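The exercises below go through a structure step by step. Try each task before reading its solution.

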Amino acid sequence: MTPMAARRHEPRGFPRQVLDSGQSLLVIFAGVLLIAGVTQTAALGVRDVRTALAFGGLIAFGELLRLNLPGDREAAPIAMAGALAYALLINVGNSPAKHGPHQVVAVAAIGMLIGALPHLAVGRPARLSAMAARLVAVACAAAVFRPLANHSLIGSHWWSELPVMVSLVILAWLVEAVIAALIRTDLLRGRFGVTLLDELHVQLPLGAAVGASALLIAFAAEEMGLAAVAVFTAPLLVTQVALRRYTGIRATYLQTVRALARVTEIGGYVETGHSARVSKLAVSIGRELGMPEPALLELEYAALMHDIGQLSLREPIPGGATVLVVREEQRRIAEYGAEVIQEARVLDTVADIVRRQSDPCRPAERGEEPPLSSRIIRAANAFDDLVGSSVEPSRAAAAVQRLRLDTASEYDPQVVEALSRLVSRRSVLGP
Amino acid sequence: MGKLSRIAWLYIGAVIAAAAVGVARGPFTEVNWAQVAALGLLLVACESTATLLSSRSSVSWSPNTIPSLAAVVLMGPVGAALVGCCTVLGVRRGPSPAQRLFNTGMFTLSAYLAGRVFLLFGGHVGTPKDSAFPGIIGPFAAAAVVFVIINFSLLRGVLLLAREAGTPGARIGLDFKVLLTDMGYAVFGVLIAALWGVLGPFTPTLVIIPLMVARWAVAQFAAQQRAYEATVSALCQAVETKDFYTRGHSERVSRGSVMIAREIGMRAERVEAIRYAGMLHDVGKLGVPTSVLQKNGSLTDDEYAAIQLHPMRGLDIVREIGFLDEALAGIMHHHERIDGRGYPMGLAGDEIPEFARVLAVADAFDAMTSTRSYRGARPVHEAVAELRKWAGTQFDPAFVDAFVTAIERDGWKGPEGAPRSDDQAAATGALPAQTAQGDALAGGLAAGVMLRADVLPDDMLSHDMLRADMLSGSVAEPDEDGLDAPTKPLRAIESI
């Protein structure tokens, strides 16, 4: 092993370790919470077993029905609503709820674990960090509210209880979002601010539904007893079914675009794997530059389809390398590709990104500079045309060097710098 | 609702008058104005989220049962009617003033009558106490049923007078499923009433949030699905450009396959899958090098094999699309024949996946009824006769029958500019004589370059003939055949 290769290894190993330790820290913390909750509950005795069982059952049921949200996120809305409602209970029927925060943690944790078991049985591993985040969020709400409720520090009118409960529900939601954003920042090397905003944006509607349902269950338990638990879960179930199908079709959408983008490869227009590599690289650059998630999705679509215009060529360009053909022709290909995408009528931004991909970043005559996504695709495409599927680091470095020479007019220096950082980290060029 | 007749106006007037009389009779003693305001606001919110039942429907739906029935329990008939009046304030663009007035009258009257029924069945007006609970269910259920049924009947009436009753219920989307949904939402009415004791006027907001999020999620799903469909279809058109096909072939094969699938009563998910299979069935054509498709001169065996591989190539491309399982088999085998002489596997009879047999019929039919550069489009009845002729050898007779039945009932929208068969009865008529061999070749079961070869007996098939067809199938003089649109960019790039 040469000294240079050894040095290359360092930055690759280091962030991975951070990622692992961050997540395991969270899981360990949740584990400690769980043990503390269970032992204290065991020591002090379980208060109101029937209620605990009902909510534990609801949480387990919700965990069983957990779903994936777009962007590889996990959510368990019903479990979360059940756990928060249990934390915020004041009365069940006519008797006041006197369970402490430790019992909330114990019931929530055990419910979650039981709900996760069937998933394990069919070979779907539990995502411990997501479960841990949920548990911590519930624990926060319980730690604040249980003492208030148990010492009757909170009035018995909705106008005195409700503000406290609403703020706690929001607190729990924020805690979960912040933890999820921290994990994602680690995992994807994004920027924390951007990731947090993305997270809040994705979680807002579901969070609102979960929060409102939790409050409804908590209040209704007072009026209707435990029947409330089942009734107010119904809207969440509908939401969940719809969201599951939504996530499904979104994944299918991406798969389809990925698959159909390969027609250029099968038709011999571009090298095998070109579209996939360019889109992966482009998304990494976009994330490095702090683009928010919706923009990243558009960037991914545009990058996948950036060569679709080549279908209009009679003879494929040798090797499919658009970087080697004249500007006019590049522009024509881009224009045709954009026309194809525009046909769909729902991807106008994507079409625009594809259209402008052949424009140099500092246009000589036509004023406006192309959108950032176009500039990213332009650089990623050129890089891939030069490097191809090769994983040779010297070749990658040479390609970056060549792009850097052209930053005066052709490529966006900011994009090339981001690419250079990525290449030196070797995180996007795995074998 | 289009322009309204005098009777329709009278009807609307009568509904509003009945509602007004109900309210005017009082008594107003049980009306709590704070509750009217809170529930009225909720009703406005509900009304503002109204969505059309289906894209072609003139009827929209909103969860108005929730506030109306909550008002029935809390305040009885008059209060409920007053809440119903708030319908007029709904913030949405759709309805004309006449529709708005009618809707208001309809919801007011429905709520009033539901309130009367609630009392009739012994319901107690006011915030239900703990003790009210199992007892309230009977009267409330009766009220909910009455509300929904009156709402539907009044709506049916106005549609009848506005001459939209001829449209089948399925098309305007007014069916049993909507009734059930309404009843489901009605349950939340009693929940709001029950929670009023603990949560006061904040109840409606809290109850409505999860419901609105649920509707939002459903809408998101629908929007994503539409976007997906549009994108797939756009990408398929891009594929067609290379293929020199008449624009829209994939789209029409998809539609034809769906017609067959519906006719034979396939489940909805399978119909969806076959829709995409139809769109994607020829994607593999891209795997055939352009140089082969456009070659001047005889095809070598290798090149011929390359052409025969296109269904497999198609499979390669779409394999990674997760949900398409059954559709994948359809795409791969859409050139198989019932008698086992198709490709790529030479499967016969029931060995051929159902999807593939459906696709084959729709594919051949569209190829025959579309214009090609070497011939005009053939009328529908000729194409049908051709399908019939080859049913049992090339096509599954059951699917041919299903397709013909569907075409006879619903018609067929071919490519623009293609001749339509005015006389649909002719579709079932006798087989027109094939005049020339060339026509049999060209017009035969032409799912592209290949099927034309399929129609020939094997001994007549030579690679040269196939190639000759392919050449005539390419766009020598695109403008003559209405093929200009998809090939424009192509020529633009060729000219540089």
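**Exercise 1.** Find the distance at which the side chains of Glu417(A) and Arg404(A) meet, and describe the pair.

*Solution.* Step 1: Glu417(A) and Arg404(A) form a salt bridge with an N to O distance of 3.1 Å; the term stands for a side-chain nitrogen of Lys or Arg within 4 Å of a carboxyl oxygen of Asp or Glu. Step 2: Glu417(A) belongs to helix H17 of chain A and Arg404(A) to helix H16 (residues 393-405) of chain A, so the pair ties together parts 13 residues apart in sequence. Helices (H or I, at least four residues) are DSSP runs, numbered from the N terminus. Step 3: Glu417(A) is partly exposed at 33% relative accessible area, and Arg404(A) is partly exposed at 28%. Here buried is under 20% relative accessible area, exposed is over 50%, and partly exposed is in between (1.4 Å probe, protein chains only).

The model is predicted: local features need pLDDT of at least 70 and side-chain atom pairs pLDDT 80 or more, while totals for chains, interfaces and linings use all residues. Residues are numbered from 1 along each chain as its sequence is written, chains are lettered from A and ligands numbered from 1 in the order in which they are written, and side-chain values use heavy atoms, without hydrogens and water.

**Exercise 2.** Which residue forms a salt bridge with Glu288(A)?

*Solution.* Step 1: The partner is Arg421(A), and the closest N and O atoms are 2.9 Å apart. Step 2: Glu288(A) is in helix H11 (residues 274-288) of chain A and Arg421(A) in helix H17 (residues 413-425) of chain A, so this pair links distant parts of the chain, 133 residues apart. Step 3: Glu288(A) is buried, at 12% relative accessible area, whereas Arg421(A) is partly exposed, at 36%.

**Exercise 3.** How many residues of chain A are in contact with chain B?

*Solution.* Step 1: 54 residues of chain A are in contact (heavy atoms within 4.5 Å) with 59 residues of chain B. Step 2: Across this interface the rule finds zero salt bridges, although the count over all chains is 30.

Notes:
Helix = DSSP H or I, 4+ residues; strand = E, 2+ residues; numbered from the N terminus.
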